[in-house]
Amino acid sequence: MFSRNRTIIFLLLLGVLNAQSVFNAYGLGLSKSTHHTASAGAGSIGLVPTFHPGVSFDNPATWPGLQFTYVSGSYSNRNVEIGSQVSSNYGNGFDKIQFVIPIQNRFAIGLSLKPVNDHNAYFKTDSTRINFQDRDLIFNKEFRSGGGILAGSFGFAIPMNDRMGLGFSFDKLFGSTRNEESLILNSVHYRLFNIKTYSGSVFNINFAGNFYDAKNVIVTGYARVSMTREPVSGTQYQFDLFEDINDNYSFDTDDYPATIDVDTVKVSNIYAPSSFSFGMNTQFNNDLNVFGEFQLWTDQAINGKYNSIYKDQIGSKSHLGGGLVKFGKMGARPWPDRITMRFGIFKESYLLKNSGRKINEDGITVGFGYKFAATGSQLDIAYRTGTRFMTNDYKESIQEFTIGLSLGDIWFLRRRGKQ
Amino acid sequence: MNINILNTTLGVCLIGLLALSACEEAAIPVGVDNTPITLDTISFPVVKAIAYQSPPEMGKTEYLYFGKQDGFYFQYNLIKFDSTSVTANTPFSYFNDSLVVVDSLTLSLRFDKDSIASDAEFQLRYFPSGGDSVFNELESNYLNFNQSIASEIISTAQMEADSIDTNKTEVYLNFTLDSSIVNAFRDTSVLEYNRSFLVELANESSESFYFHSTDIQAGIKPELTVFYRNFLSDTVVFDTTSRSYLAVADISIITPPPISYEDSTTLSVSIAKGLKSIVFVDMGDWTLPSKSIVSSAQIVFNRVESDSITQFKVISHPMTSDGNYERFTSYTDDPYDEDLNYFTSTTLIDNMLKINHRKVATEIGHKNFTNLGFKLQSSFSNDPFATVKFYGINNIDSYPVMRVIYVLP
């Protein structure tokens, strides 16, 4: 079973490129709200249960509700269209890989790897023509950025009492980004590179509680507080501007000038995310769940000298969303009964630190999950469509298809001794 | 049943993923506002410019010239041969051996044409007392070379046709030399002995004759051939053979015609006339922003003549001393040294010359180099007798100017 799992997870990791967005060129780019496919299908930030009744893979406090140990992976493909642009941008990449072990329905531990932000951008300006003493100069600019910060996370869950539980997770943030700015003058490229590496850490406290449990309805509440333990710092390798005469994207002996300097700059406190989130879920006796979530996210970094393509950064974000989830039943004989159906709607609003401008994002999501095998394995599919726009500026139409596979197995099961 | 459904579902999803994984990364069009990396321009006036004359520097021309042409008088040519042979690297000291007997030497020059229209007699001298240096290919000229240090005439010759095959004939000037000449080369203890010859017309001629020089790209360089015998003993000849030595330096010593009014009042360049020009661009206290790249720093000149000229190149360097811009002056030595690190060679296109001095402009903009002006001269690849004139600063429409385009991070 796990041999096949490894193959599938490897395939899921093949692509690591997310579809670009102009907004990813602000600072470190847009932070990701959703990681697991089950959460994506409901447009959830991962607080409320979307994978299994009472369980969200993105909320460690709910992990004890899992009946099996899971290896899970989520992979997304995204299509972004800008305004009336005819062509679309496609990108893909993994959203999360995760390993969770529930212990005696009371505790759980888990490991995961997930992207924290999206820094992928590729955009260019229209050609500009200027007349310099009877000579036409035609130029345009191109900008690319890629890479980002990943979070390697360790989490565990402990019970508070028989109705409430806590989950703690520690995220080690690491990664690198690359920015390339170029000006193309009469077909000659002038390029400027910088490469940055990052390191920092965040810890999260998650809560899950059963507030009301009646015959026909169960009301549960969820919350998360994320705090920066160690603000992200890093090293910036800033290459001097050069004329890429042979247009091979890198500096070599054919280029001008003959030598360029690389400034190595230590940057500290450039990214310090913190957030508060809470959510409510109401489960009706027909297995239908109605949920709502709210999140306030801020970057409390104090170093404003972060060098990105656009000289501004995402300073804060708010998320408001809600939706419906109808869980499938594991082991149900008719296969349609094993299908989990999800629907969600959300609104996010980003605020830029320096200019105060807002980036608004709206989205509608639908998702399906299919339970198979005796150990609760599940295949999830999610589709999201929405728009992202800055007032009086760019508008992006987003479509995202996500697939996730969660394979369950039995760990820590007491085996019967040989007779 | 369940396994079948699972496998089918997995297969469909993976195929879908792989199909969608083909990324299309089209650039997103955005407005230019608030984007980094910018382009800027600035122009500087040429405030001082003048032509001047120095003795012609004919050492790098492709031909050796004899006779007269368009007012030029080609007095004589100096040729220096290599110290080792083309094959076997045989030095002249090899002939010191008593078992090696030199029979004769031949010095040959390849005529530029394949037929002899007008015959003339040439004569040859050498420099038995010349020490290790007779002439300098880059510096010798009609004012500083003393012809009297040459020997008496050691050989005379006339051009002769040599049939290469039934369809092709080449014309050579072959001087036969007495074997004693080689003694001057072999007996010296000076390794870099001159090995130089002077070739001239026996009589003044109103015609001109061109022979291939050592700098010709596709041709036959001057060659000195030594014919000798190798003896096994005092009486037994082991081998009869020859060694060829190619010219390593040569120069035509010419006297230029008088300078015309147009030559002296425009920014003119010519190799054979020794015409060069200097210009001073007023760049003031201009500072190039840090980390910027100069895309081009062109000094633009407009040619006076309107006729077309093919592949005319102008060499330019920044000067290392102040120029004298008061009046046209003829110097016995070029008074202006240039910084060879900032060499540029620019082809004249549509009668406009745009010399891109971006390297030195960058240094000037960063205050690492003092702007003392720029020097213009004709490239050695040009017809040495061509004179090209550019408008100076007094022309209302076509005055020279420097235009700098740079990119800022």
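Q: Where do domain bounds come from?
A: They come from an automatic or database domain assignment. Keep in mind that this is a predicted model. Chain B is the case here. Domain 1 of chain B covers 38-55 + 256-408, and domain 2 covers 63-255. Note that domain 1 is written as two stretches of the chain.

Q: How far apart are the C-alpha centres of domain 1 and domain 2 of chain B?
A: They lie 38 Å apart.

Q: How many residues of domain 1 of chain B are in contact with domain 2 of chain B?
A: A contact needs C-beta atoms within 7 Å. On that basis, six residues of domain 1 of chain B meet eight residues of domain 2 of chain B. Look at the domain 1 side of that boundary. Five of its residues are nonpolar, one is polar and none is charged.

Q: What can I learn from the radius of gyration of chain B?
A: Compare the value with that of a compact globule of 409 residues. Such a globule would come out near 22 Å, but chain B has 31 Å. For the C-alpha atoms of chain B, the box is roughly 105 × 80 × 45 Å.

Q: What is the radius of gyration of chain A?
A: Chain A has 24 Å, close to the 22 Å that the globule rule gives for 419 residues, so chain A is as compact as a globular protein of that length. The C-alpha box of chain A is roughly 90 × 45 × 40 Å.

Q: Where in chain A is the pLDDT below 50?
A: Begin with the average. Chain A averages a pLDDT of 87, and 92% of its residues score at least 70. Residues 1-17 of chain A fall below 50; beyond near neighbours in sequence, this stretch has 24 contacts in the model.

Q: Why is helix α4 of chain B largely enclosed?
A: Count its buried residues. Seven of the eight residues in 358-365 of chain B are buried, so the rest of the structure largely encloses α4(B). In general, an α-helix has 3.6 residues a turn, so residues three or four places apart point the same way. The buried set in α4(B) includes Arg358(B), Val360(B), Glu363(B) and Ile364(B).

Q: Which strands do the buried residues of α4(B) pack against?
A: The partners are β15 (293-302), β16 (313-318), β19 (352-356) and β22 (401-408) of chain B. Now look past the helix. Lys367(B), which follows α4(B), has a positive phi near 65 degrees.

Q: How do I follow strand pairing around β11 of chain A?
A: Take the strand's partners in turn. β10 (residues 164-185) and β11 (residues 188-213) of chain A are antiparallel over 22 bridges. Met164(A) sits opposite Gly209(A) in β11(A). Two residues separate β10(A) and β11(A) in their hairpin, where Asn186(A) has a positive phi near 50 degrees.

Q: How many bridges join β11(A) to β12 of chain A?
A: There are 18, and the two strands run antiparallel; β12(A) spans residues 217-239. Asn204(A) has Ser226(A) in β12(A) as its bridge partner. β11(A) and β12(A) form a hairpin with three residues between them. β11(A) also pairs antiparallel with β13 (residues 242-244) of chain A, over three bridges. There, His189(A) stands opposite Asp244(A).

Q: Is Glu223(B) buried or exposed?
A: Apply the cut-off of 20. Glu223(B) has 21 other C-beta atoms within 10 Å, so Glu223(B) is buried. The residue lies in β11 (residues 223-231) of chain B. Leaving aside neighbours within four places in sequence, Glu223(B) contacts Ser108(B), Ser244(B) and Leu246(B). Glu223(B) and Ile79(B) are 144 residues apart in sequence, with C-alpha atoms 9.7 Å apart in space.

Note on methods: Residues are numbered from 1 along each chain as its sequence is written. Chains are lettered from A and ligands numbered from 1 in the order in which they are written. This is a predicted model: local features need pLDDT of at least 70, side-chain atom pairs count only at pLDDT 80 or more; totals for chains, interfaces and linings use all residues. Two residues are in contact if their C-beta atoms, placed from the backbone, lie within 7 Å. Ala, Val, Leu, Ile, Met, Phe, Trp, Tyr, Cys and Pro count as nonpolar, Asp, Glu, Lys and Arg as charged, and the others, Gly among them, as polar. The radius of gyration is taken over C-alpha atoms; the globule rule is 2.2 Å times the number of residues to the power 0.38. pLDDT is the predictor's confidence in each residue, from 0 to 100. A residue is buried if 20 or more other C-beta atoms lie within 10 Å of its own, exposed if 12 or fewer, and partly exposed in between; C-beta atoms are placed from the backbone. Helices (H or I, at least four residues) and strands (E, at least two) are DSSP runs, numbered from the N terminus. Two strands pair if DSSP finds at least two bridges between them.
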